[in-house]
Amino acid sequence: MDSTLMGFITDLFQMLSLPYHLEALPFAATDAYDKQLREKILGFPNATERLNQALAGIQERMVVNRTDLFQCHYIVMRLPDTETVLLIGPLLYERIYGKRFEEIFQKLRMPEPLRDALSAYYLDVKFLPNPETVEDLCLLVANYLYGKGQYQVAYENESELLDEYQLYENLLRVPDQPFVNLRFIEERYEAENALLRAVSSGDEMLAAECAERFFAKEIPPRISNPTRDRKDLLITLNTLLRKQAEASGVHPIHIDSHSNSNIRSIEQQSSSEQLNAFRWQMVRGYCRLIREYTLADHSLPIRRAITYIRTDLKADLSLKSLAEQIQISPGYLSALFKKEVGIPLTDYVNRQRISYAKQLLISTTLPVKSIALQCGIPNLYYFSRMFKRIAGMTPKAYRDSADFHAETFS
């Protein structure tokens, strides 16, 4: 194991104040895993043995996202050619106090004397409102450890806090409070509307907080197959988010592609744990879609012009051609575009083409000439000059620099 690489990784976690441990299997105690919660605070019997059994199945080239009984999250990776694991956690993706704490405390049927100890534990665990932060970082670490794409990502959940086979009325109805179920439904719809508003703003952190409240309002399965039931719920959520993106000024061509990709991903998931993880990814994805493609602040002619440009960079995107497509005069389009976007239309087109060229240079091995054609610039000399003017270096130098950075820690 490269000590320089390992030092870089540990320095990175320290800089971001993320709890991590490097431990050889089997663990001698659970201290590194859960801050002594199971063994010394709660007094769980055989806690270390049970933990080692759970971790024994983690193979090299696996990134395992674990959620424990207490809704704490961990990411575990086995270092190459060793019995040592890199464990990141415990982490909370939701704040657990008040009503949420009571839900967990009651579901786990914990004795009353342990209430204060568990409450204090939650206050001591690092809270990350957006799981994307640590998940993306750990995938980057995995790229360095194993090679880009040379590993599997798995999800494990020790237990679902809600019994998935309870009927709606049995879950919600309280004999002495006959309208609790009514309030539950009202609160769920309120949480749903708050989530949609947050996604519409493109604010991922706010959307994560609202999603946390919405996902906490679990409803029992409507069919006997729990995985199929969760897939159907996610497809419904995808539809709601798709309509919210449209209301936020995103053109349907972008929404349709994104929505269809989500449906395919939902159907590829094989467990409730994977589906639970994907719903967070879906919320973040729609936030990004809206941030990148919303045109709500622009007039209709400029919305159409930008959509034409983004949709087909190989097309004739001259001022005259776009004006004909939009059915306004070239002079009016030019003045309106500069006023609303802040730069001339031609400059915007060139920047979009070079931005796409950068993506192709990094992600493909296509020759520069072919990339120029893909970006709608058939003249290689003109393309190279434009690329250098906008990017500050030639296409070849840009690709070489990207390859150098990718190989530095490989």
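A salt bridge is a side-chain nitrogen of Lys or Arg within 4 Å of a carboxyl oxygen of Asp or Glu. In this predicted model, local features need pLDDT of at least 70 and side-chain atom pairs count only at pLDDT 80 or more, whereas totals for chains, interfaces and linings use all residues. Residues are numbered from 1 along each chain as its sequence is written, and side-chain values use heavy atoms, with hydrogens and water left out. The protein chain holds 20 helices and six strands; these are DSSP runs numbered from the N terminus, with H or I and at least four residues for helices, and E and at least two for strands.

**Overall composition**

- Of the 410 residues in the protein chain, 44% are buried (buried means under 20% relative accessible area, exposed over 50%, and partly exposed in between, with a 1.4 Å probe and protein chains only).
- Among contacts in the protein chain with a separation of 6 or more, 64% are between residues 24 or more positions apart (contact means heavy atoms within 4.5 Å).

**Salt bridges**

- The whole structure contains 16 salt bridges.
- E132 and R288 form one of them, with an N to O distance of 1.2 Å. This pair links distant parts of the chain, since E132 belongs to helix α7 (residues 132–146) and R288 to helix α13 (residues 272–293), 156 residues apart.
- E132 is buried at a relative accessible area of 11%, while R288, at 35% relative accessibility, is partly exposed.
- A network of salt bridges links E132, E204, R288 and R291.
- K217 and E187 are joined through their side chains in a salt bridge of 2.8 Å, N to O. K217 sits in the loop between α10 (204–216) and α11 (226–247), and E187 in helix α9 (residues 180–201), so that the pair links distant parts of the chain, 30 residues apart.
- K217 has a relative accessible area of 15% and is buried; E187 is partly exposed at 31% relative accessibility.

**Surroundings of R284**

- R284 is located in helix α13 and counts as buried, its relative accessibility being 10%.
- Apart from its neighbours within four places in sequence, R284 contacts N130, P131, E132, E135 and E204.
- The C-alpha atoms of R284 and E132 are 8.2 Å apart in space, although the two residues are 152 residues apart in sequence.

**Packing of α5 and α6**

- Helix α5 (residues 98–107) and helix α6 (residues 115–124) have axes that come within 12 Å and cross at roughly 130 degrees. The two are oblique to each other.
- Axes are lines fitted to C-alpha atoms, for helices over the stretch in contact, and angles run from 0 to 180 degrees between N-to-C directions. Angles under 35 degrees count as roughly parallel, over 145 as roughly antiparallel, 65 to 115 as roughly perpendicular and the rest as oblique.
- From α5, the contact uses F101, E102, I104, F105 and Q106, and from α6 it uses R115, L118, S119 and Y122.
- Five nonpolar, two polar and two charged residues form this contact of α5 with α6 (Ala, Val, Leu, Ile, Met, Phe, Trp, Tyr, Cys and Pro count as nonpolar, Asp, Glu, Lys and Arg as charged, and the others, Gly among them, as polar).
- A salt bridge connects E102 with R115, their closest N and O atoms lying 2.3 Å apart. E102 is in helix α5 and R115 in helix α6, 13 residues apart.
- E102 is partly exposed at 31% relative accessibility, whereas R115 is buried with a relative accessible area of 18%.

**Packing of α11 and α13**

- The axes of α11 and α13 come within 10 Å, crossing at roughly 5 degrees; these helices are therefore roughly parallel to each other.
- Residues of this contact include L234, L237 and L241 of α11, and L275, M282 and L289 of α13.
- By class, the contact of α11 with α13 comprises 11 nonpolar, four polar and four charged residues.

**Backbone features**

- L25 and P26 are joined by a cis peptide bond with omega of about -5 degrees, P26 lying in the loop between β1 (20–24) and α2 (31–34).
- Another cis peptide bond joins G89 and P90, with omega of about 0 degrees; P90 is in strand β4 (residues 84–92).
- R61, although not a glycine, has a positive phi of about 70 degrees.
- Q327 is not a glycine either, yet has a positive phi of about 65 degrees, and is exposed at 70% relative accessibility.
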